[in-house]
Amino acid sequence: AAARDLAGRHVVVSAGGTREPIDPVRFIGNRSSGMQGYALARTALARGARVTLVAANVTLPDPAGAEIVRTGSTREMRDAVLKAAADADAVVMAAAVADFRPADYEDVKIKKTPGAEPAPIHLVENPDILAELVRESRDVAGRVIVGFAAETHDVLENGRRKLARKGCDLLVVNQVGEHLAFGRPDNAAVILSADGAAVDVPRGSKEALSDVVWDLVAARMT
Ligand code: C5P
């Protein structure tokens, strides 16, 4: 990686996992720690970029020099990402975003009624931030948009299909499972690009993976 090759660039990174409230004390969430997104932010800062880090429910130390926007739910993250992306040269969606949210929010804690059936939680679809970003960036020359995909099986096949569906420039596909990726400092991935290339990143630190991502992003920025 060339030192300071992102100087003068504004990059937006999303990190962590969104939470969808059910009632004042409960939510639907996921296991994302935010480590990969924070590593992307730190490495971009080291390479000279201005970094906006849109974090959802992350408890890691703030990367010095990044502008941090804290969000909770997917809809909050959507607004923050689209706003920050307005003048961005690259956007990397490393956050684990909830695909669905409860249709209704109960503003008092849900109680159990002894002997009664539990009330079902109906779900509705969340906005797809990445897909929306791609649509909004269609006429923006040189903006590079990167998605992440966590797959448990048929990693390459599912990755290719997802890349085509989302329309982003690069898709970082990692294999997840009980002992892989989540909450761990290391990661391994295949980075697929819209032009058909695939770059294998062997197991290593999340910083090392981040640097490969920025190499590929920098090569595509105009
Ligand atoms: O479809 P899937 O959730 O696997 O896609 C993962 C990629 O899409 C990630 O980059 C994630 O941040 C992004 N995403 C999004 N909005 C959603 C769901 C996923 O931006 N509602």
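## A salt bridge to start

K166 and D128 form a salt bridge, with their closest N and O atoms 2.7 Å apart. A salt bridge here is a side-chain nitrogen of Lys or Arg within 4 Å of a carboxyl oxygen of Asp or Glu. The pair links distant parts of the chain, 38 residues apart. K166 sits in helix 4 (residues 155-166). D128 sits in the loop between strand 8 (123-125) and helix 3 (129-136). Helices (H or I, at least four residues) and strands (E, at least two) are DSSP runs, numbered from the N terminus.

K166 counts as buried, at 18% relative accessibility. D128 counts as partly exposed, at 33%. Buried means under 20% relative accessible area, exposed means over 50%, and partly exposed lies in between (1.4 Å probe, protein chains only).

## About the model

This is a predicted model: local features need pLDDT of at least 70, side-chain atom pairs count only at pLDDT 80 or more, and totals for chains, interfaces and linings use all residues. Residues are numbered from 1 along each chain as its sequence is written, and side-chain values use heavy atoms, leaving out hydrogens and water.

The structure holds 14 salt bridges. One of them joins D5 to R47, at 2.8 Å from N to O. D5 lies in the segment before strand 1 and R47 in the loop between helix 1 and strand 4, so this pair ties together parts 42 residues apart in sequence. D5 is partly exposed, with a relative accessible area of 28%. R47 is buried, at 4%.

E151 and K162 form another salt bridge, with the closest N and O atoms 3.0 Å apart. E151 is in strand 9 and K162 is in helix 4, so the pair ties together parts eleven residues apart in sequence. Both residues, E151 and K162, are buried. Salt bridges that share partners also join D5, R47, D211 and D215 into one network.

Eight strands form an open sheet with mixed pairing, in the order 5-4-1-6-9-10-11-12. Two strands pair if DSSP finds at least two bridges between them. Strand 5 (67-71) and strand 12 (198-205) are the edge strands, and each pairs on one side only.

Strand 6 (residues 90-93) and strand 9 (residues 144-151) run parallel, joined by four bridges. A90 has V144 in strand 9 as its bridge partner.
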